[in-house]
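Please look over the sequence and the structure shown here, and then follow the paragraphs below, which go from aromatic rings to a contact between helices.

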Amino acid sequence: MKYCERCNLKVRGNLERCPLCQGLLKGEGSENPFPFVLGTYQKNSLFFRILLLCTITMGIVSVAVNFLLPKSGKWSLFVIAGIGCFWLNLVLVMYKRRNIFKTFVWELFLISALCVLWDFATGWNRWSLNYAVPILCMAVMATLTVTARIFGVAPGSFLIYLCLVLLLNIAMFASLLMGLVIVALPTVLSACMNLVLLTALLIFRGREMLAELHRRLHM
């Protein structure tokens with residue numbers, strides 16, 4: 001067992017420094033008395049690897065299709081930015097789990113507003129409405145879904161924030177109908193993804209979701 005001369009303390013395990021004074025420990029180490037606990041990544045390593053492969057494939061396919069159809073604009077850059085946003089949020093989840101869903105949704109609305117303002121200030125080419133906002137919505141919805149799957153988030157919480165994203169998708173779809181959005185595909189895909197997630201939640205977790213909402217709303 002290791003020993004700290006300064007603190008007159010015996011320390012189990014294989015620590016190099018004293019946990020109290022951070023001084024070097026002397027003696028031979030012993031077996032760690034605490035069990036080894038797998039982290040979130042270790043528990044879901046296969047899932048994360050498959051997810052990484054899928055997102056890289058999506059980015060490569062987007063760049064390839066954009067290269068073959070150059071007249072459609074540089075939309076693949078927005079896809080790559082959306083993938084980057086997805087992984088950035090996912091890494092944030094791993095290290096900061098407190099009310100992370102609220103953080104995601106606030107980020108979505110804030111970054112979307114900044115994109116629209118930037119687009120307006122640089123000549124209003126509508127790239128913010130055509131690509132940036134719907135791709136951000138899809139990235140956040142994907143992050144919410146993966147986060148809920150990893151940490152077992154209550155369906156009621158998932159539903160609330162998914163509905164907030166739906167409000168932005170409704171606004172985007174209204175912009176499409178009014179002619180403000182020229183490229184319809186990203187907006188339609190984002191709206192469809194939102195509706196599919198809501199439908200899946202109602203079908204597979206409907207009872208749990210209603211029970212959670214009753215508890216939250218004190219009904």
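In this predicted model there are eight aromatic pairs, where rings of Phe, Tyr and Trp (its six-membered ring) pair if their centres lie within 6.5 Å, with planes under 30 degrees apart counted as stacked, over 60 as edge-to-face and the rest as tilted. One of them joins W118 and W127, edge-to-face, at 5.4 Å centre to centre and with 85 degrees between the planes. W118 is exposed at 56% relative accessibility, whereas W127 is buried at 16%; buried means under 20% relative accessible area, exposed over 50%, and partly exposed in between (1.4 Å probe, protein chains only). Together with F78 and Y131, W118 and W127 form one aromatic cluster.

Helices here are DSSP runs (H or I, at least four residues), numbered from the N terminus. The axes of helix α4 (residues 100–121) and helix α5 (residues 127–151), lines fitted to C-alpha atoms over the stretch in contact, with angles running from 0 to 180 degrees between N-to-C directions, come within 10 Å and cross at roughly 170 degrees. Because angles over 145 degrees count as roughly antiparallel, α4 is roughly antiparallel to α5. The contact (heavy atoms within 4.5 Å) includes W118 of α4 and W127 of α5.

Residues are numbered from 1 along each chain as its sequence is written. Since the model is predicted, local features need pLDDT of at least 70 and side-chain atom pairs count only at pLDDT 80 or more, while totals for chains, interfaces and linings use all residues, and side-chain values use heavy atoms, with hydrogens and water left out.

How values were computed: Helix = DSSP H or I, 4+ residues; strand = E, 2+ residues; numbered from the N terminus. Parallel < 35°, antiparallel > 145°, perpendicular 65-115°, else oblique.
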